[in-house]
Amino acid sequence: MSKPAFYVTTPIYYVNDRPHLGHAYTTIAADVIARFKRLDGYRVMFLTGTDEHGQKVQKAAVARGMETKDLVDEVSENFRDLAVQLHASHDDFIRTTEKRHIKAVQALWKELNGRGQIYLGHYEGWYSERDEAFFAESELIDGKAPSGAEVHWMKEPSYFFRLSAWQEPLLKFYKENPSFIVPETRRNEVIRFVEGGLTDLSISRTSFSWGIPVPNDPQHVIYVWLDALTNYLTAIGYPDSLDEMLWKDSLHLVGKDILRFHAVYWPAFLMAAGLRPPKQVFAHGWWTNEGQKISKSVGNVIDPLALIQTYGIDPFRYFLFREVPFGQDADFSHAALIGRLNSDLANSYGNLVQRVLSFIQKNLNGLIPQPHEYSADDNALLHKGNDLLALVRQDIERLAFHRAFDHIWSLIGDANRYVDEEKPWVLKSEDEKRLQTVLYVLLETIRKIALMTQPFLPESSSRILDQIGVPRNEREYASWLSPVRPGTILPMPYAVFPRWVK
Ligand code: MSP
């Protein structure tokens, strides 16, 4: 039987900037889902990469006195490195300056053109370079783009995409596919925007050259968003051999600021080219820094590499998804991160593993014991462990990472209480059989907890699984019910989540 397929993407990042927390956030979210799905038996494709064309990239190169190509090569490398530092398990890293991508974008253009979806006209209106987006007069706020970016009046010959013709088909599509845009509030915003009416979209530029030339009219370069969005198809074989199975179960993770491109323009382009839209677009919220809006001019941009260096990658990954439900805005603070690290990781999870393993090392020579008869409390803990997979699977399906943590940490809490109640240090001298059973139940519970934390805390979970003797080929969810093996000798334990002390 062939595996079910699953495709997850991050936005491709602009190369006019250094990697910041916002970039790290989406990449880690995609990584968590990709890892979960792989462990759960899916054939997964996880894509990230860089968005390298457009006027602002060209200008950034001029400002640094560099050739544009040299600049994009250099900055793209920073993003590639970021993904490695984040322990992202991406299967591909795409760059929009690659040949395969240029070919895909031009093929999509030709397809749209062949279907009468493109015409030549003149563009006149407000353009924001920072957003690489056009705005109607009515959308401007105090003469600026809604994002606060400067706009300038632009008049030039331009090709247009017949977006206005797709208003009704889009509304019908949203209605028939209620989970295409999540969360719900964002979906409502998009629907309201489309209901407000769509005008045709300018999709080429002549005032600069750093882009993909329009087929048969190289005076024009293709609008950077049409170029960029197509990356999601390029990476799975378009135009020669699109992997339909992946595309059918595809998820684009994006920040709320770029939802319109993904939830309006992108499905319109695709439908107009005779292709199906992706299965889902999920918009996450924005981070502030210690209560303040993050901005380059304020100088409070958060460098994810510095955080990894200070706190370690897993505590950083954990914090990002523990603090607030994915989808909502969130505030970064060192105090909150340290609080989570100490209470959830060191004191709860780490302590459970540490106390059980050091006890076994000291009193059982590191040997996994044989269980005997189970008490009602043993069974309760074991059953709760068994049920964890189904619960977390559902949480991941809904991108409710915080719920997944609730479920996992509820089991950790129960296991810690079980240690307190069963008192292995007393059983040691009073009831050896009972001691063996209790320790076995605990190891088995830790096994399930560690299997379940793998997508979120890959490095620490793997260390814990090593310490409790779970073979590498029994770490997928197909082995959920293959228990730890009595008689296995465990290595010397060590703390996986050290407490943070100033
Ligand atoms: N190149 C486009 C995406 C093209 S996808 C076909 C782009 N790039 S970006 O580098 O500017 O932004 C990447 C992501 O970072 C966006 O999803 C954006 O929402 C996210 N973030 C930027 N600042 C952020 C925060 N302060 N918090 C969370 N995410 C933020 O847009």
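1. In this predicted model, Phe316 is in contact with Leu21, Ala24, Ile28, Leu86, Pro304, Leu307 and Ile308, once its neighbours within four places in sequence are left aside. Phe316 also belongs to the largest nonpolar core, which has 93 residues, and there Phe316, together with Leu253, Tyr349 and Phe401, touches the most other members.

2. As general background, nonpolar side chains tend to be buried together in soluble globular proteins.

3. Helix H2, covering residues 55–63, packs with helix H3, covering residues 68–85, at an angle of about 100 degrees and with the axes 9 Å apart; the two helices are therefore roughly perpendicular to each other. The residues that meet are Val57, Gln58, Ala60 and Ala61 on the H2 side and Thr68, Leu71 and Val72 on the H3 side, and by class this contact has 5 nonpolar and 2 polar residues, with no charged residues.

4. Val324 is found in the loop between helix H12 (313–322) and strand E17 (330–332), and Val324 counts as buried because its relative accessibility is 18%, where the cut-off for buried is under 20%. If residues up to four places away in sequence are not counted, Val324 touches Asp329 and Ala330.

Notes: Residues numbered from 1 in each chain as written. Predicted model: local features only at pLDDT ≥ 70, side-chain atom pairs only at ≥ 80, totals over all residues. Heavy atoms only, no water. Axes fitted to C-alpha atoms, helices over the stretch in contact; angles between N-to-C directions. Helix = DSSP H or I, 4+ residues; strand = E, 2+ residues; numbered from the N terminus. Parallel < 35°, antiparallel > 145°, perpendicular 65-115°, else oblique. Contact = heavy atoms within 4.5 Å. Nonpolar A, V, L, I, M, F, W, Y, C, P; charged D, E, K, R; others polar. Core = buried A, V, L, I, M, F, W, Y, C linked by side-chain atoms within 4.5 Å. Buried < 20%, exposed > 50% of the residue type's maximum accessible area, 1.4 Å probe, protein only.
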